[in-house]
Amino acid sequence: MGMPFLPGGGGDDEDGEIPTLERRLRAARLPVEAEEVVSRELRRLRRMSPMHSEYSTLVDYLEWMADLPWGPPVKGAQPPVPLATARAQLDADHFAMEKVRGPLAVLPPLPVLFSRIGTQHTRVKPSPRYPPPTPRA
């Protein structure tokens with residue numbers, strides 16, 4: 001059994017997190033480009049201590065890569081949802097988004113705000129086109 005405080009959890013545990021993840025990634029039928037990235041990240045993960053702050057993020061990323069449907073569709077799986085149907089469903093589920101988008105649409109774009117700031121750390125000067133909000137009484 002591997003030592004949990006050694007990089008990669010000791011490396012000799014065949015049922016550990018990394019070997020299980022490697023098996024899942026091999027079974028995922030990744031394209032060549034994704035296989036290269038996954039191999040590089042697995043090497044990093046094996047050298048990394050589980051106590052490292054990036055360890056869990058890297059494990060989550062590799063699990064996510066293993067869960068993606070890389071291969072052809074499985075027989076008996078649900079057919080993909082047409083985009084028009086998905087959009088209609090999202091619009092129905094998020095019907096109040098226009099109330100949120102409305103006030104945000106009157107804000108100036110970020111490049112305009114940054115150009116007003118300049119190189120100094122000064123406050124943005126109000127403009128007649130984009131007046132500052134009035135304080136509530």
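User: Where does Glu22 lie?
Analyst: In this predicted model, Glu22 lies in helix α1, which covers residues 17–27.

User: Is Glu22 buried or exposed?
Analyst: Glu22 is buried, because its relative accessible area is 17% and the cut-off for a buried residue is under 20%.

User: Which residues is Glu22 in contact with, leaving aside its neighbours within four places in sequence?
Analyst: With those neighbours set aside, Glu22 is in contact with Leu42 and Arg46.

User: What about Ser39, and where is its place?
Analyst: Ser39 has its place in helix α2. Its relative accessibility is 26%, so Ser39 counts as partly exposed.

User: How many residues apart are Ser39 and Glu22 in sequence, and how far apart are they in space?
Analyst: In sequence, 17 residues separate Ser39 from Glu22, and in space the separation is 9.2 Å from C-alpha to C-alpha.

User: Back to α1. Which of its residues are buried?
Analyst: The buried residues in α1 are Ile18, Pro19, Leu21, Glu22 and Leu25. They lie on the same side of α1, because the arc they cover around the axis is only 160 degrees.

User: What do the buried residues of α1 pack against?
Analyst: They pack against α2 and α3.

User: How do the axes of α1 and α2 cross?
Analyst: The two axes cross at roughly 175 degrees and come within 11 Å of each other. Helices α1 and α2 are therefore roughly antiparallel to each other, since an angle over 145 degrees counts as such.

User: Why give both an angle and a distance?
Analyst: Both are given because two packed helices are described by the angle between their axes and the distance between the axes.

User: Which residues meet where α1 and α2 are in contact?
Analyst: From α1, the residues are Ile18, Leu21, Glu22 and Leu25; from α2, they are Val38, Leu42, Leu45 and Arg46. By class, this contact has six nonpolar residues, two charged residues and no polar residues.

User: What comes between α1 and α2?
Analyst: Arg29 has its place in the loop between these two helices. Although Arg29 is not a glycine, it has a positive phi of about 55 degrees.

User: Is Arg29 buried or exposed?
Analyst: Arg29 counts as exposed, because its relative accessibility is 52% and the cut-off for an exposed residue is over 50%.

User: New topic: α3. How many residues has it, and how far does it reach?
Analyst: Helix α3, residues 55–67, has 13 residues and reaches 18 Å from its first C-alpha to its last. This is close to the 18 Å expected at 1.5 Å a residue.

User: Which residues of α3 are buried?
Analyst: Tyr55, Leu58, Val59, Leu62, Met65 and Ala66 are buried in α3. Because they cover an arc of only 120 degrees around the axis, they are on the same side of α3.

User: What covers the buried residues of α3?
Analyst: What covers them includes α1 and α2, the latter being residues 32–47.

User: Now the whole chain. How many helices and strands does it have?
Analyst: The chain has six helices and zero strands. Its pattern along the sequence is α-α-α-α-α-α.

User: What percentage of the chain is buried?
Analyst: Of the 137 residues in the chain, 19% are buried.

User: Among contacts between residues at least 6 apart in sequence, how many join residues at least 24 apart?
Analyst: Among those contacts in the chain, 53% join residues at least 24 apart.

Note on methods. Residues numbered from 1 in each chain as written. Predicted model: local features only at pLDDT ≥ 70, side-chain atom pairs only at ≥ 80, totals over all residues. Heavy atoms only, no water. Helix = DSSP H or I, 4+ residues; strand = E, 2+ residues; numbered from the N terminus. Buried < 20%, exposed > 50% of the residue type's maximum accessible area, 1.4 Å probe, protein only. Contact = heavy atoms within 4.5 Å. Expected span 1.5 Å × (residues − 1). Arc of directions from axis to C-beta. Axes fitted to C-alpha atoms, helices over the stretch in contact; angles between N-to-C directions. Parallel < 35°, antiparallel > 145°, perpendicular 65-115°, else oblique. Nonpolar A, V, L, I, M, F, W, Y, C, P; charged D, E, K, R; others polar.
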